[in-house]
Structure formats: C-alpha cells, structure tokens
Amino acid sequence: MALPLLPGNSFNRNVGKEKFHKSQHWGFCNNVRMLVSDEKPGIGGEPLFGQKLKPKYSMYPKGTESDVPSWVAFDKQVLSFDAYMEDEVPDKSQEDYRIRYYKIYFYPEDDTIQVNEPELKNSGLPQGTFIRRHRICLPPPDDDQFYTVYHFNINIDIVFYGRTFKIYDCDVFTKNFLRKIGVKLNPPGKCPEDPYMKARKEKLEHMEPLRPYQYTDTLKQFLDHDRQILRFFGLWDDTASMFGDRRELVLHYFLSDDTMEVKELNPPNSGRDISSLFIRRRKLPKYGPPGIYQPGQITDQTVLNMYGGWSVKQVNGYLLDKYQLGKLDQEFYKDSDLAVGTTINVWGRKVLLCNCDEFTKCYYKNKYGVENFTPISCKPPPPPKIERKFPPYTGFGSEEDSLRSCISLVPTPHRRDFRKFVEKDSYGYISYALRFFAKLITHKCADVDRMFVISYFLSDNTMSVFELTERNSGTTGGKFLRRARVKRPGQEVFKSELSEYIQPEELYVGARVNVNGYIFHLLNADEYTLNYMEKNLSRFPFSNIELILEKLKEEKPKSREVKLAFTAADSMGTKVLDYNAFREIIMSITVGKLTDHEVITIARYYRALEDKDPHVNVLITMAHEQLKKNAFENFDRLISTCEYEDREKKKVLPSKDIRRLCKSSRLPVKEDLLASLLSRFEDSEKQVNYDSFFFALNWRINPMTEWETVLYNTEKIEDIWMGSPSPIPVRYISYMRLLKDVFDLEED
C-alpha cells in the first residue's frame with residue numbers, strides 16, 4: 001500500500017518542486033555574455049548529489065547588529081601583515097641570498113590583497129608596489145579558489161604566484177580582528193637581518209673620508225629645512241648710552257643654512273628712519289665683532305697646491321691641507337644656542353630673546369624637548385608719575401573753566417557728560433528728577449514752619465529748592481534756590497582740586513542736607529522718586545527690601561512682643577494697620593536702626609490692596625456740582641427722548657445710546673464722569689434704567705449731602721513726625737505678611 005501524498009509521508013524529493021529545466025552555464029548579465037551558473041549543474045539549477053559548494057568570499061560570524069553587506073561593514077578597514085622573502089642571488093659571490101621585507105595588506109570588504117615593498121635607499125632594486133590590489137587565487141591544485149581571511153595567520157608561509165612569503169608579525173588592529181572572528185593566533189616570529197645590508201652598514205660606519213678628497217654636503221640640510229625659519233622677538237636695551245633707548249628687534253634664523261637676519265620694529269613717531277634690515281642675512285659669530293681679516297684668510301678649506309699635465313692653462317686637480325694649519329676657527333650661533341630668556345651677542349650688542357612664534361615652539365619641543373616658553377615683557381617699566389600741580393581757584397567763573405585755562409595755552413570750554421545728559425534728560429512722563437518734601441531746620445521761630453520742595457536732576461547733578469506758599473505766613477514763597485550744583489559742606493573755596501558736589505545717593509527720606517548753609521530735613525518723596533530708587537538698588541541701599549529685612553531679623557527675640565503690639569493696635573482685627581501706627585511700632589522696636597526711608601520701603605512692599613474706585617454717591621455729588629454751576633434742569637426732555645427711543649417699553653436702553661443722547665442734549669457733565677456713572681447703573685446686559693439714572697442726576701428733586709472725597713494717597717493729616725501736613729506714602733499695611741517673612745509667625 002502506497003503512502004498518502006501528504007507532507008512528511010512521501011520520500012519523493014520532487015514534491016513541491018517547480019523547476020525541472022536542464023541547467024546551462026552561460027547567460028546574459030547586463031547584456032554581456034558570461035558564465036552565470038557553473039556551480040549548479042543539476043536539474044533546475046541545483047547542485048548535484050554530494051556536491052559541496054566552495055565559498056567564493058570570506059564568511060564572517062553573524063553578529064547581533066543589523067545584517068549589512070561586507071563592503072559597508074568593513075569600509076576603510078585593512079589587515080596589515082609584516083612578511084619577508086628569501087631571494088636567491090646566484091651570480092654574486094659576496095652573498096648567496098638576500099632578505100627582502102614586504103607589507104601584505106588584506107581588505108576584508110572584497111577579499112583583495114596588495115603587497116608592497118618598502119623603499120630602501122641605494123638598494124638598486126625596483127621597490128614599491130610588488131603585487132597590485134586584486135583577488136589572488138590559491139596555489140594549485142586549489143587554483144579555482146581565492147584567498148580568504150582564514151588563510152592568514154602569524155608565523156606561517158603563504159604563496160602568491162609561486163613566491164613564498166613568511167609572515168612573522170602584524171599590527172594590533174589585525175590581531176584583534178582575527179581574534180574576533182575565531183582565528184587562533186600563533187606566537188610572532190623573528191625577522192632575520194639581511195647579511196649583505198648588515199655588512200654594508202658596518203663598512204659605512206667604519207669608513208672615514210680621506211683628505212684631500214673631503215666633501216662637505218649642505219644640500220641635505222637645504223632640502224630638509226628649506227623655507228623653515230625660527231622667529232624670535234628680542235630687545236636691545238641701549239639706555240646706558242647717551243640718547244639711547246630700548247629697541248625691539250625680530251631675529252630670523254634660517255634652518256636651511258644656519259644664517260640669521262635681524263629686523264627692527266620702530267614704533268610710530270619714534271623719530272628713526274625706517275630701514276628694511278638691522279643686520280643683513282649672514283652667519284652670526286658668537287664673539288663679535290671678530291676683527292678685520294685679509295681676503296682668503298677665512299675659508300672652509302685650505303689649498304696646498306694644484307697639479308696637472310704639461311699644459312700651463314689647464315689644471316687637473318688640487319691638494320688640500322690635511323691638518324688645516326693656520327686655519328682661523330670661528331664659532332657661530334646655532335639653533336641650540338637660542339632660547340627664550342637667553343642673551344646673545346649681535347655684533348657687540350646684547351640682545352635679550354623675549355618670545356618666539358608657534359612654529360619655533362613646536363620645533364624646540366620636538367627636537368630638544370623644551371617645554372618652558374615663558375615670555376618676557378619687552379615693554380619698558382612705566383616712568384615715574386610726575387604729580388601735576390595746578391594753581392588754586394581764582395574765584396572767577398566755575399572751577400572747571402579755571403582748570404581748563406591751566407591745562408592748555410589756548411583755553412577750551414569744559415566738556416559736559418553729554419551721554420549722561422541725553423540718557424537722563426526728561427522726556428514724556430519720565431522726568432529723571434528726584435523730588436523731596438523738606439522743612440528747614442533753624443532756631444528762628446518764624447522759619448520753623450516753612451516747607452520746601454527739593455528737586456535733584458539726574459541729567460547734570462543739579463538741585464533746585466522751591467518754597468511752598470502758605471497764606472498769612474509772612475513769606476512770599478516761590479524759588480528759594482535756582483537750579484545749580486551744590487557743594488558739600490566743609491570744603492575750602494580757593495584750592496587746586498575740584499570741589500565735591502552732593503550726589504543722589506546722599507538723598508533719602510529722613511536725611512539732613514546742607515544746601516549752602518541751610519540745613520533741610522527730608523520728610524517725604526514723590527511716587528516717581530521712590531520707584532526710581534527701588535529700581536536702582538545698588539545706588540540706593542535704603543530702598544533694598546532684602547537688606548532692610550535682614551536688619552529686622554536681628555530683632556527676632558522680640559517677635560512675640562512685636563506681634564502683640566501689632567495685634568493691640570489692630571482693634572478691629574482686619575490684619576492691617578494705618579501708616580502712622582505701623583511706623584510708630586517699627587521705630588520703637590528697632591530703636592534707631594532704621595531710617596524713615598527704610599520704613600517707607602517696608603510699608604510700600606507690604607501695602608494692603610484697596611478699592612480705588614470712589615463711591616457712587618461721590619460721583620453723583622460731583623455731577624450735581626457741575627449741573628448746578630450750569631443751571632441745567634431739562635431732565636424731563638431727556639426722559640421723553642429715552643421713552644421715544646424705547647420701542648419695546650422696557651424702561652431700559654443700552655448705555656451707549658444714553659451716552660449719545662446726553663451728548664446730543666449737551667448735558668454739562670465731563671466725559672469721564674459720565675462714563676463712570678453709566679458703568680455704575682449698568683446691568684449684566686449693558687442696559688441702563690433711564691428713569692432711575694436721570695432721577696439720580698436731578699439735583700432739584702434728589703439733592704445729595706456733601707460726601708467727602710477721600711482718594712488713595714491724597715489724604716492730608718496732621719502728622720507729628722513730619723511737623724506739618726504731608727501726603728502719606730501708604731495708607732494701610734498688611735502686618736501679618738511682614739511677621740511671616742521676618743519672624744516666621746503664622747496667623748493664629
């Protein structure tokens with residue numbers, strides 16, 4: 001019984017097979033006839049039974065990373081092997097074989113191999129690329145296969161085209177690469193030395209040139225160091241001689257022929273002629289100037305005699321002095337004699353080498369191992385400062401004008417700080433003027449109650465004093481001091497130095513200022529002054545809330561007493577205090593540690609928010625005053641007009657329509673006051689009941705009592721510490737926030 005034709009139950013290998021064609025070896029690839037399937041000669045393009053396919057390229061272990069082709073994974077990676085080959089020399093009696101050294105490069109990306117022979121000077125052999133880069137097949141009988149990475153190792157022989165190379169070592173990258181792919185490395189071998197090159201080297205070391213056939217070779221030095229120049233910055237101090245000075249030099253040392261040239265750096269307006277060279281290029285003797293010698297006395301070689309044939313005109317050769325008798329020896333500066341901080345002799349001038357450029361530093365670091373290149377300053381020491389004395393002030397004009405007449409023969413006007421004037425000049429609502437309310441400190445009873453406004457202008461540091469006019473005081477008031485700079489007291493009038501003037505940092509609430517002999521006590525400041533000081537805390541420390549709170553924290557042992565004092569003053573339990581009570585408690589606690597300005601800063605920082613909008617009755621009273629003044633009583637006509645506009649008879653109209661009707665009827669009420677009144681009578685839909693609105697405005701039918709218009713920051717009270725009426729800086733202060741920030745006290 002036959003097995004069912006199901007997967008796993010049949011031994012027929014052709015089950016599921018679709019290709020049964022006879023394989024062919026030739027085909028087309030990119031429209032080119034070539035061998036395409038020589039390794040699969042079976043039916044359907046499959047290998048024959050028992051046939052094992054030989055790998056064409058190196059098979060590397062699969063990694064955990066993404067599968068990428070070898071030409072991407074091994075791009076720019078090369079395995080380098082060191083090898084040598086014994087080359088027979090049959091036609092030479094001095095040697096039987098010669099050792100030739102090679103570099104074998106294997107490229108893992110495509111299994112190509114390249115063999116290079118390092119060039120050896122005067123070898124007489126063609127060296128360089130021995131085998132160009134390509135895939136090399138194995139020696140017979142495996143010449144149908146190519147070398148892969150697994151055929152390479154250390155201390156083995158490898159054959160390329162019949163030549164045997166002995167690999168004795170490789171680089172570190174190659175060793176790591178072979179270990180990673182699973183190749184067990186052999187221990188490195190020893191490379192033998194070429195006997196001929198060894199004997200030749202020993203012969204050259206013991207060979208000395210025979211005189212008179214001495215040859216001086218300077219071409220090598222020229223070819224190695226052409227265009228290489230060492231540059232040093234030097235200083236020649238000639239101040240010891242008459243009319244001498246310090247002169248800066250630049251020294252160029254040419255490595256190609258050990259010559260030097262010196263250039264001078266002339267500063268602007270030095271008075272010296274500009275010359276291209278201080279010393280032209282030549283060898284610089286160490287002990288110069290050496291003196292004057294006859295022509296031909298200083299030579300590199302001494303000629304004893306010349307010889308030749310019978311001809312008198314032709315000379316075939318010459319004899320040199322082997323012992324160099326009478327030769328004058330001169331020592332010249334070499335690159336080893338130059339260093340930063342060294343003093344050299346430049347034809348009798350002592351030149352100090354102070355610095356060098358970057359190329360010179362690298363040269364000495366690589367050749368001599370010098371690391372210290374600390375530069376030396378070429379600048380001369382500063383001359384002694386001569387104190388310039390000016391005559392004292394004469395009393396005519398300003399001090400600056402008198403000083404300008406002493407500085408130059410042609411007096412020039414004093415230059416003001418124009419930039420400061422432009423930046424601090426008033427424009428718009430920004431005045432850049434600090435205004436203080438002050439009183440005069442005097443023993444005269446008639447001047448005790450006189451009040452002043454002191455203005456300090458930041459653009460030019462000037463001050464002006466204006467006296468407030470008070471009826472029946474006996475004083476006219478007005479300008480007390482015109483705008484001018486005010487000197488600090490206690491300075492001598494006729495002196496050589498400029499006078500010191502009062503600065504804005506000296507002005508603060510509570511300070512006493514001496515203005516030309518009049519002592520003023522600053523009682524308060526306007527809002528702009530306080531805001532300006534709080535924005536410039538570095539100049540006005542009394543407005544720095546952080547510094548003030550640090551002073552209050554010193555009174556932490558009295559925290560309970562402070563809280564009880566604030567609670568006792570707050571009889572209504574509103575957690576706020578008025579300014580006078582708050583100031584009295586703070587002053588009693590600190591006992592003179594805080595100034596009035598610092599108390600104002602605390603009050604402004606912890607001020608309680610208030611409703612600044614006036615009461616509706618106050619607005620109606622203000623409207624009644626304007627209506628009475630113009631004798632306006634035509635309210636019935638306004639109501640009739642509104643009833644005509646009210647088509648739906650709801651007794652309400654939009655506020656904008658009522659405002660339009662009031663303007664068309666010429667209601668004598670100011671625009672802003674009318675808008676405020678309409679906003680108070682509006683409902684949620686911006687509708688206004690015109691009957692109730694005009695009834696409230698009718699001053700005949702609905703007369704209002706006089707309401708006191710108390711506005712924020714405009715209340716005037718009799719204040720004992722100021723001595724006279726003055727606007728208070730803050731009306732109410734929240735003391736609980738102050739206690740929490742300073743003493744960490746929470747509300748009970």
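This report looks at one strand with its two partners, and then at a pair of packed helices.

## Ground rules

This is a predicted model, where local features need pLDDT of at least 70, side-chain atom pairs count only at pLDDT 80 or more, and totals for chains, interfaces and linings use all residues. Residues are numbered from 1 along each chain as its sequence is written, and side-chain values use heavy atoms, with hydrogens and water left out.

Let's start with strand 10, residues 246–254. Strands here are DSSP runs of E with at least two residues, and helices are runs of H or I with at least four, numbered from the N terminus. Seven of the nine residues in strand 10 are buried (under 20% relative accessible area, with a 1.4 Å probe and protein chains only).

Strand 10 pairs with strand 9 (residues 229–237) in the antiparallel sense, over nine bridges; pairing takes at least two DSSP bridges. One spot to look for: tryptophan 236 has arginine 247 of strand 10 as its bridge partner.

Strand 11 (residues 259–265) also runs antiparallel to strand 10, joined by seven bridges. Here tyrosine 253 sits opposite methionine 260. Four residues lie between strands 10 and 11 in their hairpin, and aspartate 258 in the turn has a positive phi of about 60°.

## Helices 9 and 12

Now for helix 9 (residues 545–553) and helix 12 (residues 596–605), which pack at about 105° with axes 10 Å apart. The axes are lines fitted to C-alpha atoms over the stretch in contact, with angles from 0 to 180 degrees between N-to-C directions. The two helices are therefore roughly perpendicular (65 to 115 degrees).

Contact (heavy atoms within 4.5 Å) involves Ile545, Ile548, Lys551 and Leu552 of helix 9, and Glu598, Thr601, Ile602 and Tyr605 of helix 12.

Key: Buried means under 20% relative accessible area, exposed over 50%, partly exposed in between (1.4 Å probe, protein chains only). Angles under 35 degrees count as roughly parallel, over 145 as roughly antiparallel, 65 to 115 as roughly perpendicular and the rest as oblique.
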